[in-house]
Amino acid sequence: MSNNYDSSDLGTAAFLVVKGLQLLGATPDAEGRRYLFRFVDPHSQGQALAMAYQSGEAVPARDIVAAEKNLKSVLYSVKGNGTYNGNKSNDRNKSSNSLQ
């Protein structure tokens, strides 16, 4: 059974991507004002990583900017299609630059 971790915060989601969690999908909330990013979290580390982000753990700026850019592209895709299913390849969790 696969565990998932959800976040509606873009910064946290980008940090999770940089740390290697695979984006499973993104969906708007019922009001369409916020979006929920869902990650595959096989080792149940999502919560700990989110806390590390909130505590200011450093990651390379280039990586976080690239991850945020890709996540914003996902959000634009969701706006056009209503959902994003990122589970097309198992390689996505290896690079913060390959969410599409």
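This report describes the fold, helix packing, strand pairing and salt bridges of a predicted protein model.

## Basis of the model

Because the model is predicted, local features require pLDDT of at least 70 and side-chain atom pairs count only at pLDDT 80 or more, while totals for chains, interfaces and linings use all residues. Residues are numbered from 1 along each chain as its sequence is written, and side-chain values use heavy atoms, with hydrogens and water left out.

## Overall architecture

The protein contains three helices and four strands, taken as DSSP runs numbered from the N terminus (helices: H or I, at least four residues; strands: E, at least two). Along the sequence these elements follow the pattern β-α-β-β-α-α-β.

Of the 100 residues in the protein, 36% are buried; the classes are set by relative accessible area (buried under 20%, exposed over 50%, partly exposed in between, with a 1.4 Å probe and protein chains only). Among contacts with a separation of 6 or more, 75% involve residues 24 or more positions apart, a contact being heavy atoms within 4.5 Å.

## Packing of α1 and α2

Two packed helices are described by the angle between their axes and the distance between the axes. For helix α1 (residues 10-18) and helix α2 (residues 46-54), the angle is about 115 degrees and the axes lie 9 Å apart. Axes here are lines fitted to C-alpha atoms, for helices over the stretch in contact, and angles run from 0 to 180 degrees between N-to-C directions.

On the α1 side, the contact involves G11, T12, F15 and L16; on the α2 side, it involves G46, L49, A50, A52, Y53 and Q54. These residues of the contact of α1 with α2 comprise six nonpolar, four polar and no charged. In this division, Ala, Val, Leu, Ile, Met, Phe, Trp, Tyr, Cys and Pro count as nonpolar, Asp, Glu, Lys and Arg as charged, and the others, Gly among them, as polar.

Strands β2 and β3 run antiparallel and are joined by six bridges; two strands pair if DSSP finds at least two bridges between them. Q22 has V40 in β3 as its bridge partner. The two strands form a hairpin with six residues between them, and G32 in the turn has a positive phi of about 75 degrees. The C-alpha atom of G32 is 8.9 Å from that of K79, although these residues are 47 residues apart along the chain. K79 lies in helix α3 and is exposed, with a relative accessible area of 56%.

Most residues other than glycine have a negative phi. S44, which is not a glycine, has a positive phi near 50 degrees. S44 is placed in the loop between β3 and α2.

## Salt bridges

A search of the whole structure finds two salt bridges, each defined as a side-chain nitrogen of Lys or Arg within 4 Å of a carboxyl oxygen of Asp or Glu. One joins the side chains of R38 and D6, at 2.6 Å from N to O. R38 lies in strand β3 (residues 35-40) and D6 in strand β1 (residues 4-7), so this pair ties together parts that are 32 residues apart in sequence. R38 is partly exposed at 34% relative accessible area, and D6 is partly exposed at 30%.

K19 forms a salt bridge with E57, with the closest N and O atoms 2.6 Å apart. K19 lies in the loop between α1 and β2 (22-28) and E57 in the loop between α2 and α3 (61-81), so the pair ties together parts that are 38 residues apart in sequence. K19 is partly exposed at 33%, and E57 is partly exposed at 37%.
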